[in-house]
Structure formats: structure tokens, C-alpha cells
Amino acid sequence: MKNNTATPLRLTTLTVAIAASLFTVSATADTVTDWNKYTVWATKAATSLTTGTASLAQNSNVATRIEAIEARAVFDAVNVFDHFSPTSYYYNAAAPTGATAKSAAAAAAQAAHDVLLGALPNPASGSWNPTRDWLNTQLASDLAALGVTAADPGIAVGQAAAAAALAARAEDFSAIRTTYTPSSNLSVSTTNTVIPNATGNPGIGLWRPSNGGAGVNDPITGAPTGFDASGAIQAAAGIDFNWKNVTPFSLTTVKKQLLVATVPPALTIGSDEYNAELDFVKTHGQDSANPGNRSHDQTLQALFYKSDAELFVNEAARLASASRNLTLDQNAKLFAVLANALADARIAAFQSKYDLTFWRPITALNANPDGSVSTYTWKPLATTPSHPSNTGGHSATGAAGAEILRAFFKSDNIQKNGTPVTLTTLPWLIGTNNGTGQVDPLVFGGDATTRTVSSFSKLQLENGRSRIYLGVHFGNDDYQGQTLGLTVADAIINTKTDPAAAGLSVFWGNANTPNNKYLKAILTANSATSGFFGL
């Protein structure tokens with residue numbers, strides 16, 4: 001099914017005037033960063049700047065795809081006026097006559113808005129109408145703050161750039177989303193519906209459904225457990241089996257496959273490395289009633305970074321941009337190359353996942369010698385994502401983003417001066433599979449809905465190891481994921497075919513920078529916290 005191209009928002013001078021009178025508007029500091037925020041939030045079904053519909057929130061695969069389409073359309077729209085790049089993604093035109101000083105910003109806002117209206121799910125069902133209504137209101141508000149009218153050429157350019165971007169991605173194999181369940185794990189319910197189960201045995205080391213359904217929330221952490229009130233596991237089929245075939249954004253399909261082939265191998269069941277990693281997640285990733293060796297701060301890491309990784313990567317990018325006072329053109333470039341890397345890292349990670357189909361810790365730690373599971377007595381801190389363990393998708397997302405941000409800013413600092421920043425989460429996602437955990441007021445004396453970091457590297461490393469503390473990944477999954485994310489980002493930087501990657505080079509930093517030169521040494525030197533012991 002094709003994405004529906006957005007219906008152009010027809011603004012009149014009266015409409016803008018009414019919007020300006022109804023909403024308190026402060027002049028936007030930068031339209032590109034503002035609409036990056038709106039876009040990221042809209043994929044999680046925001047209905048205002050503070051509210052949203054958690055049940056509609058899209059997963060990281062769908063969200064990063066939408067964000068990449070939006071960022072490319074914005075890049076093209078701004079470039080029509082400012083000519084900061086000799087090449088574009090999907091739309092290029094001569095600068096129209098009658099442009100004002102605000103036309104490029106207006107084009108960015110209109111392009112982002114139209115992509116979202118066209119790419120968000122189910123326009124006919126009405127369930128997403130509150131989000132679309134908010135975006136309409138936000139556009140009118142922002143254009144009023146810019147002081148542009150419907151006649152400004154930025155409006156038409158933004159509409160054209162969005163239409164071109166949506167059309168270019170209409171047949172990228174993302175529309176028909178499929179699931180995966182081994183035949184050994186299919187059951188028939190009392191209503192004759194085929195459902196997944198967590199007890200069938202496809203074989204030792206092979207993925208099968210685990211506690212992927214939300215279930216009840218843990219009373220201490222506020223996070224979904226994947227078990228119901230009686231303790232029964234809530235099995236879920238593997239999601240987005242088709243995502244491995246989605247057309248990449250900056251990589252070619254062949255290049256993506258070559259990069260996936262370089263992912264470090266899966267653990268050998270029964271090896272010393274496997275046993276060490278299994279024991280680590282057993283003692284650091286169990287539920288809140290049995291924290292084992294997991295510290296309070298590691299619990300907070302697990303709960304904060306449980307939210308979809310693109311949320312905090314994009315927030316870090318916006319904070320980094322603001323601290324350096326980037327221009328509109330610079331931000332158009334920044335968020336385009338970042339969005340491309342995040343989306344391509346997700347596509348590559350899902351190919352690797354369904355190529356390797358390695359089992360999750362919850363399965364391994366409850367398995368009988370023949371690989372079967374009769375009962376689930378070891379339980380992780382929260383739900384286990386419904387897809388195979390290798391390769392860590394969260395880790396790939398975080399590492400790809402951090403690598404791009406280090407390259408773009410030629411620094412590892414989020415703030416230009418290196419001072420820490422506090423990352424947040426979306427309030428309507430707290431306590432869901434897409435958000436953090438949190439029971440008011442605190443979890444073990446700490447806030448699980450914020451995290452203070454100063455560098456992209458700390459963000460990358462904490463994000464990766466948090467998945468082990470959550471009990472949903474092995475240390476090797478994290479290493480594989482970070483390696484793949486870095487490799488995807490480096491390929492985008494080095495091949496120079498992405499217009500937004502022009503002028504970038506890999507930031508190698510020093511021995512403490514977790515890029516492909518130093519990552520393995522960093523993880524193995526810190527096995528006591530990373531849970532990775534080296535292949």
C-alpha cells in the first residue's frame with residue numbers, strides 16, 4: 001500500500017491571523033530543529049507539546065523511516081532557497097521569485113508537516129486525527145511566528161519537496177509489515193485463532209517468542225513485565241520480519257548486505273564466552289524483586305534507555321545544535337545525515353537479526369538441556385522486544401547516531417563546552433514498551449525518566465549496556481549492534497554519496513572513543529560493567 005501524499009494546507013492571511021491570536025507563540029529559534037522535535041514526537045502519537053496517545057506510538061523502525069523522509073524533504077526545501085548543497089535527495093528547483101528572508105524556514109516547516117500528514121498511519125481510520133490536528137495547528141502557529149503569508153513561495157516549495165519525498169519512498173517495501181514465528185511455536189486458541197507460544201522448541205540457541213506482550217507493570221519500576229497478573233508469559237510474534245528488505249536511505253541494498261556480513265559472529269552455545277555472558281545477564285538483568293548484582297544506577301540506566309533510542313539521540317542532536325548556534329542550513333544538513341544513518345542502521349540490524357535468529361536471555365536462562373522451556377522462573381527487568389537477540393537494534397541505533405554526531409561536530413561533547421545535559425522522555429510513554437519506566441516519585445531513590453550525560457560516547461555506551469541490565473540482551477548482542485551501527489554511519493560518511501554527508505569525516509578521538517577502532521577494547525576492558533568478555 002502506498003503512502004498517501006499529504007493534502008496541502010491552504011493558509012490564508014485570515015487563518016494565520018486567527019492562529020496567531022489563539023495560540024501564544026514565541027518566535028521559533030530554528031524551524032528545522034523545531035520540526036525535528038515535532039516529527040519525532042508525532043511518530044509517538046503526540047497530540048500536543050505535552051500529550052499523546054501511547055497506544056498508537058510507532059516502533060523505532062517505522063519512526064526512523066518517517067524521520068528520514070521528513071529530514072530529506074526539509075533538506076531539499078531549504079536548499080532550494082539557500083543553495084548550500086550542489087545536490088539534493090528528491091526535489092530541486094530554481095529559487096522562486098518573491099522569496100522573503102523567512103521563505104527557507106517556511107519551506108522547512110511546510111515540508112515537514114506535509115511529510116508527516118502523508119506518512120503517519122491510517123489516515124482514513126481517524127485514530128491519528130488528534131496528531132494530525134496538532135500538526136496543522138503547529139504549522140499555522142509557526143508560520144504566524146515567522147510572519148509569512150500563504151503567498152510566500154516557501155509554502156509551495158515545502159509542499160513540492162514533501163510530495164517528492166513521499167513519492168520516492170512509496171514503494172520501499174515498508175508498507176506490508178510481516179511477523180515471524182517458528183512453526184514449533186504456533187498454537188491455536190479457543191477461538192481458532194493462530195497465536196504464538198513461548199514453550200515450543202525450534203532448537204538450542206534459536207529465537208522463539210518470549211515476554212514480548214506488555215502484561216502488567218512492575219510495581220517498583222513502572223515498566224511492563226511481559227507477564228500477566230497470574231505470572232503467565234505474554235508471548236508475541238517477531239515483529240517487522242519484512243524490515244530487512246526495506247530499501248535503505250543512504251546505503252545501497254548491496255552495501256547494506258555487505259555491512260551486515262561483517263557483523264561479529266553469534267556466541268557459540270556452551271563456550272566460555274557464552275557462559276560468562278549468560279551469567280552476567282542472569283545476575284544483572286533480573287526483575288526488580290531479584291536485582292542480583294545490578295546497582296541502583298544500572299537499574300536507572302536500564303529503565304531510561306528502554307525508551308526508543310531515536311528519541312534521545314535526536315534530543316542530544318538538538319541540544320548540541322543549540323549550544324553551537326547552528327544555522328538553518330547547517331541544521332538541515334545535520335538532521336538529514338543523522339536521520340539517514342538511524343534509519344539505515346535499523347534496516348541493517350533487522351536483516352542481521354533475522355539472519356541469525358539467536359535466542360534471548362529469557363529463553364536461554366530458562367531452557368532445558370535440549371533447548372525446550374517448560375516454565376519461566378528467571379524473569380528480566382522488563383519486556384523483551386519481540387525479535388531475535390542478535391544483533392542489538394537499540395545498540396545499532398545509538399552507535400550510528402553517536403558516530404554521526406561526533407563526525408558532524410568534530411567533537412565528542414554534546415554541549416560545545418563539555419558541560420553535562422539532561423535528556424528527558426515523553427511523558428505519555430512512561431510505563432509503556434516505547435518509553436521509560438517510572439513509579440512516582442522515584443525508583444530506588446532516582447529518576448528513571450531523565451539521564452545526565454556530557455558526551456555522545458557516554459550516551460552510546462550507556463545505551464548499549466542498558467539492554468543487558470534490562471535483561472533482554474547478551475553482551476555480544478550489544479557489541480554486534482554497536483559495531484554495525486558504527487559501520488553503517490562510517491559508510492555513509494566515507495562514500496560521500498549522501499548530500500548531507502559532504503565534508504564529514506570519521507571522528508577518531510582517542511582510546512576512550514567507542515568507534516570501530518577502539519570499541520572492542522573499551523568493552524572488554526570494562527567487562528564488569530559491559531557484560532562483554534571478548535570473542
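Let's start with aromatic pairs: rings of Phe, Tyr and Trp (its six-membered ring) pair if their centres lie within 6.5 Å, and by this rule the count comes to 20 aromatic pairs. One of them joins tryptophan 35 and tyrosine 38, with 4.8 Å centre to centre and 85° between the planes. That makes the pair edge-to-face, a word for planes over 60 degrees apart, while under 30 counts as stacked and the rest as tilted.

A quick word on the source: this is a predicted model, where local features need pLDDT of at least 70 and side-chain atom pairs count only at pLDDT 80 or more, while totals for chains, interfaces and linings use all residues. Residues are numbered from 1 along each chain as its sequence is written, and side-chain values use heavy atoms, leaving out hydrogens and water.

Back to our pair: tryptophan 35 and tyrosine 38 are both buried, meaning under 20% relative accessible area, with exposed over 50% and partly exposed in between (1.4 Å probe, protein chains only).

Now have a look at phenylalanine 280 and phenylalanine 533, which are edge-to-face too, at 6.4 Å centre to centre and 70° between the planes. How many residues apart are they? The answer is 253, so this pair links distant parts of the chain. Phenylalanine 280 counts as buried because its relative accessibility is 6%, whereas phenylalanine 533 is partly exposed at 35%.

There is a cluster to find as well: Tyr180, Trp207, Phe241, Phe350 and Tyr354 form one aromatic cluster. Over the ring of phenylalanine 350 sits the charged end of lysine 353, 5.9 Å from the ring's centre; the rule asks for NZ of Lys or CZ of Arg within 6 Å of the ring centre and within 35 degrees of the ring normal.

Key:
Helix = DSSP H or I, 4+ residues; strand = E, 2+ residues; numbered from the N terminus.
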